Each structure stands twice: as structure tokens, then as C-alpha cells.
Amino acid sequence: MNTIALCIPAYNAAWCLPRLLESAKKQSIPFDEILVYNDCSTDDTAAVAEKYGAKVINGIENKGCSFGKNALAEIAVSEWIHFHDADDELLPNFMDVAQKWLEKEKDIILLNFEYIDFNTKQIIAIADYDREKLLRNTPQFVLQNKIVNFAICKKASFVKMGGFDLHPDVLFNEDRAFYVNAVMHNLTFDYEPVITCINYKYAQSMSSNNQLKCLKAYYNVSLKIANSLGKVYPKDLANGLWDNATSAASYQDWKLVKQNIALATKLNGRIPENQSTIVKLLSFINPMLSYWIREKLIRLIKPELRKINE
């Protein structure tokens, strides 16, 4: 029978680890391993993990979650690995559902999950990926969808592709970089539609507090992708860059806006297909000008939309 390891990168996670580890213990089929990478926490992360029976790997320097995931994969002896952020949760059916995939000839199984507001407990969204599109054209699916770390992966395949990219420019967009790299290494994908995980939205999460860094990382990853998949899927990659330029404009980072527009234009022309009519029309004259005008109008007419970005 194939085995599976629960791998948890953690930094100052003593406040949330009990919830995740309790949900791991509630599985009707136990994980073969529960591993926690303690990324030089200043709280009791290691002690909490050990209390719940997890094997703890202590880092000697804070290097981020991608480094932690790679370290956990190296230590794991199971044939499959599942990475799970310390502040999220497993549903009781996780291992029952995962077991049916462990004998399949696939490398990565994407998992369905609920995105829930931690404070209100309201469901914001459900991943609900389109399996038909995933199987029909995996590279295009990866480019068109925001895929996070809810998946199970064969350890051998993960190691073969080199794990997560540790370059600083990729930080804050590491999941996208990982899945594109998996595609480039010809790893095979499938999707499990039964919901098995909960992804919590926190007002003070790392991504929420570093939105501009996320946008810069998105551009850096896109730049790498353009050199490999840009000629095959120019429109999909360009559409993401136009959207990223819109978000960068909301922070008035005009250098980043210009970078996104330049790469999008190089890939698929100067007229953004997925933007508003006024932006399309103004882009005939100057795409950069169209973004600048739209942002100034938003700040003039609906300033409340930009308060969060100040």
C-alpha cells in the first residue's frame, strides 16, 4: 500500500498548529508521517508540534516556506507528500479521499477546497476546478487558473523536478512557479472534486500584508514562463500580465505597470483582450497612458476603492 506524508512548513505557528494537527489526528486512516519544518520560530512552534506527535525539523536560518517544503520532502520517506500551511485545516475525509489516488499513474492530484473568512466563517469561494479542461490541456489550465498548494504529489516526481524554486524573485508567487515547472517537466495531473481542505483568509496573512511583493513576484514568474511557454500560449500569459498591471496601478507602482505591459505587448500585441472597452480604445494610442488615466479616474471618482492600497 502506498504511503503519504503530511508536510507542514511553519513559522511562529504555535497559535494555529493545534487546529491543523487535531484535524490530522481525526482522519479515519492515519497519515504515515506528520512532519513539521520549524523555520526558526520565536514562539513554541516546535514544542507544540512535538506535543502532537509530529516529527520536527528545526531550521538554522529563516528561509521561508518554499525552503521548508523542499526540506520536508527530502526528509519524508513516504511515496506521496501533501504540503499544508500551518494556519489552514484538513477535513475529516482527507485521507479517505486521498487513498483512492495513491495507486494511480499520476504525479500530482489537485484537491478541492473551501476558501473561508476566518473571522466570519463564511465561505468566500470553492476551488471547483474544471477537470475536463485540466486533462485536455494541462499547461493552459495552469496558466489560466490560480492553483495553490492543496494537492498530493509523488515524492519521486517532486524531487525529479527540483521541488520549489528558491530564487528570491519567485517568493510570494511560488505555487504558480511550482506548477508551471511541473508542467515543463512533463508531470501528469488529475483533480479530486470532493472538498477535503479549508483555506482560511486572514486579514494579517503574509500575502495580505505583502500584496505589492506578490504582484512583483507574479511578473518575475511570468518573465520566466514567457521564455518557455510564451510562444505556445501568448494570450493566456498576456491576459494575466494585463490583470497584474491593473493591480500594480492600484498601488501606483508605475515601473511595475510598465514592465507588465511591455511583456504582455511583446507576447500578444498592445490591445488587452480582457480589459474594459475604454482601456482597449486608449491602448490604441498608448497602453501605459490608458492604465494611468483609468487609475487617476478611479481615485477621483471612487477613492474608497483605493484606501486599502494607501
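## Strand β9 and N199

Strands, in the numbering used here, are DSSP runs of E with at least two residues, numbered from the N terminus. N199 lies in strand β9 of this predicted model. The relative accessible area of N199 is 16%, so the residue is buried, the cut-off for that class being under 20%.

Leaving aside neighbours within four places in sequence, N199 is in contact with D88, F113, E114, Y115, I116 and F150.

## Aromatic pairs around Y200

A search of the whole structure finds 17 aromatic pairs. One of them joins F118 and Y200: the ring centres are 5.6 Å apart and the planes stand at 90°, so the pair is edge-to-face. The pair links distant parts of the chain, 82 residues apart. F118 is in the loop between β6 (108–117) and β7 (123–126), while Y200 belongs to strand β9 (residues 189–201).

The two partners fall into separate classes of accessibility. F118 has a relative accessible area of 24% and is therefore partly exposed, whereas Y200, with 12%, is buried. Y200 also pairs with Y202: the ring centres lie 6.1 Å apart and the planes are at 55°, so this pair is tilted. Planes over 60 degrees apart would count as edge-to-face. Y202 is buried, with a relative accessible area of 10%.

## Aromatic cluster

Which residues are linked into a cluster by ring pairs? The cluster consists of F83, F158, F164, F178, Y179 and F189.

## Nonpolar core

How many residues does the largest nonpolar core have? It has 91 residues, and those with the most contacts inside it are F94, I108, L110 and I152.

Not counting residues up to four places away in sequence, F94 touches I4, Q27, F31, H82, L111, I152, T196 and C197. One of these, I152, is itself among the core residues with the most contacts.

Methods: Residues are numbered from 1 along each chain as its sequence is written. This is a predicted model: local features need pLDDT of at least 70, side-chain atom pairs count only at pLDDT 80 or more; totals for chains, interfaces and linings use all residues. Side-chain values use heavy atoms; hydrogens and water are left out. Rings of Phe, Tyr and Trp (its six-membered ring) pair if their centres lie within 6.5 Å; planes under 30 degrees apart count as stacked, over 60 as edge-to-face and the rest as tilted. Helices (H or I, at least four residues) and strands (E, at least two) are DSSP runs, numbered from the N terminus. Buried means under 20% relative accessible area, exposed over 50%, partly exposed in between (1.4 Å probe, protein chains only). A nonpolar core is a set of buried Ala, Val, Leu, Ile, Met, Phe, Trp, Tyr and Cys residues joined through side-chain atoms within 4.5 Å. Contact means heavy atoms within 4.5 Å.
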